[in-house]
Amino acid sequence: LYKMMLDRPVTVWRPNVKRRGRIYQITSRMNNKTNINTLDVIDEIMAFCRAKSYPLESVGIVTHKDARKDFEESGFTCLHFYGQRGTNKLADVRALFVVGAPQPHNDSLVGAYRCLSDDYNPLTPEMTESGIRPVRTGKLVSYNYRRDDGCVPHRMVSGYWWHGIQSLLNAYRESEIIQAVFRARPLTRDVDIYLLTSVPTSLRLDGIGETFGDLMGSPVPNWQAWELVRDWIETLPDGEIIDYTRLAEVTGLKEPTLRKQRWLDLIICHMPGVEALQARKRVLVKT
């Protein structure tokens, strides 16, 4: 942006500062202002906070302005995109959830681009050898995270082929997410930050997953039910029987669902102190 505005070379100085806080990303939804289901997100965040032992009064939220009221009524300290800069309101939170990704309107981006650039007619389809390339399309973008197997996760994200407009989009979208993250001061504080959006940023991630369950290490889709079973098994005396009937009572799930997802097999693999009872099929015992 500075190069485009000033028409001069720009050198980016980005020192690699060791960070005390941790940043995780959950990528199942973009959670933009048109598709976010606020009440469902609140329920899942509250359940996750209980599982991680985050007191509600120590949890901060940055989200869309229209969604802010629902989060505040649920007891969270909340800020909204484009209204967060310069505040210390979240400087002491124990956990921060950045819910969604701000998405500026195309007309706003075009207007800003025309103010900064001599190119007054950038938004026209371009003819290439393979056909017409549209003005706005998807682009494969990588997350700043490397898995144990050496692979780097990627995501198709909407954007522009024109570098100038894409730079503006990054300033309105990705840079605003980064601003939200640093409201919690992760460079100098021991704080957990969760990005609830599929939009990649330049931030180095400490973990990434499609759902909260991936971050919790749950091998089943319903991570909250898995945590219920984990807590229940820890309270059982040695020799106690664990079968699908009892799992259905604990989780509220139906036995056919539990059998289809092979919960007993998964419990043996993921929970210590449980063994299969050889005398009876499909029954475990606490040891």
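Predicted model: local features only at pLDDT ≥ 70, side-chain atom pairs only at ≥ 80, totals over all residues.
I take contact to mean heavy atoms within 4.5 Å.

**Entry 1: helix α9**

I asked which elements cover the buried residues of α9. The cover includes α8 (223-235), β11 (241-242), α10 (255-260) and α11 (263-270). The residues concerned are Tyr-244, Leu-247, Ala-248 and Thr-251, which are buried in α9 (residues 244-251). They lie on the same side of α9, because they cover an arc of only 100° around the axis. The general rule behind such a pattern is that an α-helix has 3.6 residues a turn, so residues three or four places apart point the same way. Just after α9, I noted that Gly-252 takes a positive phi of about 80°.

**Entry 2: overall figures**

I then recorded the totals for the protein. I counted 11 helices and 13 strands. The C-alpha trace spans about 80 × 50 × 35 Å along its principal axes. Of the 287 residues, 43% are buried. The accessible surface comes to about 16,300 Å², and carbon and sulfur atoms hold 50% of it. Among contacts with a separation of 6 or more, 65% are between residues 24 or more positions apart.

**Entry 3: the nonpolar cores**

I looked up the largest nonpolar core and found that it has 24 residues. Ile-45, Phe-71, Phe-97, Val-99 and Leu-196 have the most contacts inside it. At least two residues of this core come from each of β1, α2 (38-52), β2 (59-63), β4 (95-99), β9 and α7 (212-216). The helix α2 gives the most to this core, with six residues.

I took Phe-97 as a case to follow. Which residues does Phe-97 contact, leaving aside its neighbours within four places in sequence? I listed Ile-45, Phe-48, Cys-49, Val-59, Gly-60, Ile-61, Val-62, Tyr-194, Leu-196 and Phe-212. A second, separate core has 21 residues, including Leu-96, Val-181, Ala-184 and Leu-205.

**Entry 4: salt bridges**

Side chains of opposite charge can pair when their charged atoms come close. I found 13 salt bridges in the structure, and I examined several of them.

Arg-22 and Asp-192 meet through their side chains in a salt bridge at 2.6 Å, N to O. This pair links distant parts of the chain, with Arg-22 in strand β1 (residues 22-26) and Asp-192 in strand β9 (residues 192-196), 170 residues apart. Arg-22 counts as partly exposed because its relative accessibility is 26%. Asp-192 is buried, because its relative accessible area is 12%.

The side chains of Arg-173 and Glu-174 form another salt bridge, at 3.2 Å, N to O. Here I found both Arg-173 and Glu-174 buried.

For the side chains of Arg-204 and Asp-206, I noted a salt bridge at 3.6 Å, N to O. Through salt bridges that share partners, Arg-19, Arg-204 and Asp-206 are joined into one network. Arg-204 is partly exposed, with a relative accessible area of 39%, and Asp-206 is partly exposed at 31%.

**Entry 5: backbone angles in loops**

I looked for residues other than glycine with a positive phi. One of them is Ser-53, with a phi of about 60°, in the loop between α2 and β2. Another is Tyr-82, with a phi of about 70°, in the loop between β3 (77-80) and β4. Tyr-82 counts as partly exposed because its relative accessibility is 46%.

**Entry 6: the surface**

I asked which residues form a nonpolar patch on the surface. Tyr-2, Leu-6, Val-10 and Val-12 do so, with about 430 Å² of accessible area together. Tyr-2 is found in helix α1 (residues 2-6). Why does Tyr-2 count as exposed? Its relative accessibility is 58%, and the cut-off for exposed is over 50%.

Lastly I looked up Ser-108, which is found in helix α4 (residues 106-116). Ser-108 counts as partly exposed because its relative accessibility is 42%. From Ser-108 to Leu-277 I noted 65 Å in space, C-alpha to C-alpha, and 169 residues in sequence.

Definitions and conventions. Residues numbered from 1 in each chain as written. Heavy atoms only, no water. Patch = residues over 30% accessible without salt bridge, like charges linked within 9 Å, V, L, I, M, F, W, Y side chains within 5 Å. Areas by Shrake-Rupley, 256 points an atom, 1.4 Å probe, with all protein chains shown as cover. Salt bridge = Lys/Arg side-chain N within 4 Å of Asp/Glu carboxyl O. Helix = DSSP H or I, 4+ residues; strand = E, 2+ residues; numbered from the N terminus. Buried < 20%, exposed > 50% of the residue type's maximum accessible area, 1.4 Å probe, protein only. Arc of directions from axis to C-beta. Core = buried A, V, L, I, M, F, W, Y, C linked by side-chain atoms within 4.5 Å.
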